[in-house]
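Here is my note on the model you sent. Please read it beside the coordinates.

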Amino acid sequence: MIQRIQSLYLVIAILLNGVLSFYSPLWITSDNVEIFAISQPIAISLFLLSVLISIITLFSFKRRKRQFVLGRINIILNFVLVGVFAYWTLSLPGEMDISEKGIGMLLPIISIVFIALANKAIKKDEDLVKSVDRLR
């Protein structure tokens, strides 16, 4: 379980969405006030849901197909989170005072990369198991 490379990728995704989302600002207002994900209920709920799915994926190591599907669901969830951030920054300029975008808005994109790498490694493991079963 832990010795596989996809476990490392999933742990990095968990750390990105679970830990850094609390410490990295999403944006900075014109009054130099940093806005974090914890103050935005939609953002924090999507971050925590992504962490939960990543943890379930990490511990589903005996069921590789389930891991792969959960990884894809997590990628879609992170794309939704990127879409929410894009909606906030582009279509609500009068309601939300965003002067600078913070590093927190890039966390879902970086997480998507690591989850995709984990899915690639899971697929490679599944192909290896299928090829070994063919030889029997």
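The points below run from the overall fold to single residues.

1. **Basis.** This is a predicted model; local features need pLDDT of at least 70, side-chain atom pairs count only at pLDDT 80 or more, and totals for chains, interfaces and linings use all residues. Residues are numbered from 1 along each chain as its sequence is written, and side-chain values use heavy atoms, with hydrogens and water left out.

2. **Fold.** The chain has four helices and three strands. Their order along the sequence is α-β-β-α-α-β-α. Both kinds of element are DSSP runs, numbered from the N terminus: helices are H or I with at least four residues, strands E with at least two. Among contacts between residues at least 6 apart in sequence, 71% join residues at least 24 apart. Contact here means heavy atoms within 4.5 Å.

3. **Burial and surface.** The chain has 136 residues, and 43% of them count as buried. Buried means under 20% relative accessible area, exposed means over 50%, and partly exposed is in between (1.4 Å probe, protein chains only). The chain exposes about 8,000 Å², with carbon and sulfur atoms supplying 68% of it. Areas come from the Shrake-Rupley method with a 1.4 Å probe; for residues, only the protein chains shown count as cover.

4. **Record.** The unreviewed UniProt entry annotates "transmembrane region" at residues 7-28, 40-61, 73-90 and 102-122. Positions are in the numbering used here, feature names are shortened, and such annotations may be inferred rather than shown by experiment. In the model, residues 73-90 are 100% helix and 0% strand, and their end C-alpha atoms lie 25 Å apart. Residues 102-122 are 76% helix and 0% strand, with end C-alpha atoms 32 Å apart.

5. **Main core.** The largest nonpolar core has 18 residues. A nonpolar core is a set of buried Ala, Val, Leu, Ile, Met, Phe, Trp, Tyr and Cys residues joined through side-chain atoms within 4.5 Å. Leu26, Trp27, Ala37, Ala43, Phe47, Phe85 and Trp88 touch the most other members. Helices α2 (41-58) and α3 (64-91) are the elements that give two or more residues to this core. Its largest share, six residues, comes from α3.

6. **Phe85.** What does phenylalanine 85 contact, leaving aside its neighbours within four places in sequence? The partners are Leu26, Ala43, Phe47, Gly104, Met105 and Pro108.

7. **Second core and Thr57.** A second, separate core has six residues, including Tyr9, Leu10, Ile14 and Leu58. Threonine 57 is in helix α2. Threonine 57 is buried, at 2% relative accessible area. Leaving aside neighbours within four places in sequence, threonine 57 is in contact with Leu10, Gln67, Leu70 and Gly71.

8. **Nonpolar patch.** Val11, Leu15, Val19, Phe22, Tyr23, Ile38 and Leu48 make a nonpolar surface patch of about 650 Å². Patches are made of residues with over 30% relative accessible area and no salt bridge: like charges are joined within 9 Å, nonpolar side chains (Val, Leu, Ile, Met, Phe, Trp, Tyr) within 5 Å. Helix α1 (residues 5-23) gives the largest share, five residues. Phenylalanine 22 lies in this helix. At 31% relative accessibility, phenylalanine 22 counts as partly exposed.

9. **Salt bridges across the sequence.** The whole structure has three salt bridges. The criterion is a side-chain nitrogen of Lys or Arg within 4 Å of a carboxyl oxygen of Asp or Glu. Aspartate 125 pairs with arginine 4, the closest N and O atoms being 3.3 Å apart. Aspartate 125 is in helix α4 (residues 107-135) and arginine 4 in the segment before α1, so the pair ties together parts 121 residues apart in sequence. Arginine 4 is buried at 17% relative accessible area, while aspartate 125 is partly exposed at 23%. Glutamate 126 pairs with arginine 64, with closest N and O atoms 2.9 Å apart. This pair ties α4 to α3, parts that are 62 residues apart in sequence. Glutamate 126 is buried at 15%; arginine 64 is partly exposed at 22%.

10. Aspartate 127 and lysine 123 meet in a salt bridge at 3.5 Å, N to O. Both lie in helix α4, four residues apart, about one turn of the helix. Aspartate 127 is partly exposed at 36%, and lysine 123 is partly exposed at 40%.
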